[in-house]
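Notebook open, structure on screen.

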Amino acid sequence: MNQKLEVRAIENGTVIDHLPADSLFKIINILGLDKETNRITFGTNLESKRMGTKAIIKINGRYCAPEEINRIALIAPMAVVNIIKDYEVIEKRPVTVPDRIEGIVKCANPKCITNIEPVRTVFDVIKGDDGEIALRCHYCEKITHQRQMDICK
């Protein structure tokens, strides 16, 4: 039996597509969706011609702010944010990595002031030739690579 189950379309809101399958819960954390009161639908390990497998998040009744969209780029630089109105995609926004990141990621240096004192993290974004993103801590200058990024609580 070859059945496909479809996720219900949303009337108004945001669909975040083309997320790496292993990044779904980091994106949920970054956007604070665990505290969201609107209906949220998400799926992971979905088939994708472009990526092999992917994740998707649908947020009914909420539109992401530009800074939220840019945060997604830290974890999923190929993601696309679709704005939905009256069941139609009215805009597709590719994510872009900002030059500076504040208060989202922990510094990888356990001795950094941000890991000892209640100091908000600040990083300058470094983009490698291979497309990988790394962050340089404003305080201790430690480089945190994309695979090491730990999201602040």
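Before the sheet, a ground rule: I call two strands paired if DSSP finds at least two bridges between them. I also keep in mind that this is a predicted model.

**Sheet**

I looked up the strand order. Five strands make an open sheet, running β2-β3-β1-β4-β5, and the pairing is antiparallel. Which strands stand at the edges? They are β2 (40-48) and β5 (88-94); each has a single partner strand, so one side of each has no neighbour in the sheet.

β1 (residues 13-20) and β4 (residues 80-85) pair in the antiparallel sense, over five bridges.

Which residues of α2 are buried? I get E68, I69, I72, A73, L74 and I75. I note that a glutamate, E68, is on that list. The buried residues of α2 pack against β1, α1, β4, β5, β6 (100-102) and β8.

**Core**

I moved on to the largest nonpolar core, which has 35 residues. The ones that touch the most other members are I16, L19, I57, I72, L74 and L135. Elements that give two or more residues to this core are β1, α1 (24-30), β3 (52-60), α2, β4, β7 (122-127) and β8 (133-137). α2 gives the most, with five residues.

Not counting residues up to four places away in sequence, I16 touches L31, A55, I56, I57, I59, C64, I72, V80 and V81.

**T144**

T144 is in β9 (residues 143-145). Buried or exposed? T144 is buried, since its relative accessible area is 0% and the cut-off for buried is under 20%. What does its side chain reach? I found the backbone nitrogen of A108, at 3.3 Å. Leaving aside neighbours within four places in sequence, T144 contacts K106, C107, A108, F123, A134, L135 and M149. L135 also turned up among the core residues with the most contacts to other members.

**Aromatics**

I searched the whole structure and got one aromatic pair. F25 and F42 sit edge-to-face, 5.8 Å centre to centre, with 80 degrees between the planes. F25 is in helix α1 and F42 in strand β2, 17 residues apart, so I log this as a link between distant parts of the chain. F25 counts as exposed at 56% relative accessibility, while F42 counts as partly exposed at 43%.

**Positive phi**

Y87 has a positive phi of about 65 degrees although it is not a glycine. Y87 is in the loop between β4 and β5, and is exposed at 52% relative accessible area. E141 also has a positive phi of about 65 degrees without being a glycine. E141 is in the loop between β8 and β9, exposed at 57%.

Technical notes:
Residues numbered from 1 in each chain as written. Predicted model: local features only at pLDDT ≥ 70, side-chain atom pairs only at ≥ 80, totals over all residues. Heavy atoms only, no water. Helix = DSSP H or I, 4+ residues; strand = E, 2+ residues; numbered from the N terminus. Core = buried A, V, L, I, M, F, W, Y, C linked by side-chain atoms within 4.5 Å. Buried < 20%, exposed > 50% of the residue type's maximum accessible area, 1.4 Å probe, protein only. Contact = heavy atoms within 4.5 Å. Polar contact = N/O pair within 3.5 Å; in protein donor to acceptor, adjacent residues only side chain to side chain. Phe/Tyr/Trp six-rings, centres within 6.5 Å; stacked < 30°, edge-to-face > 60°.
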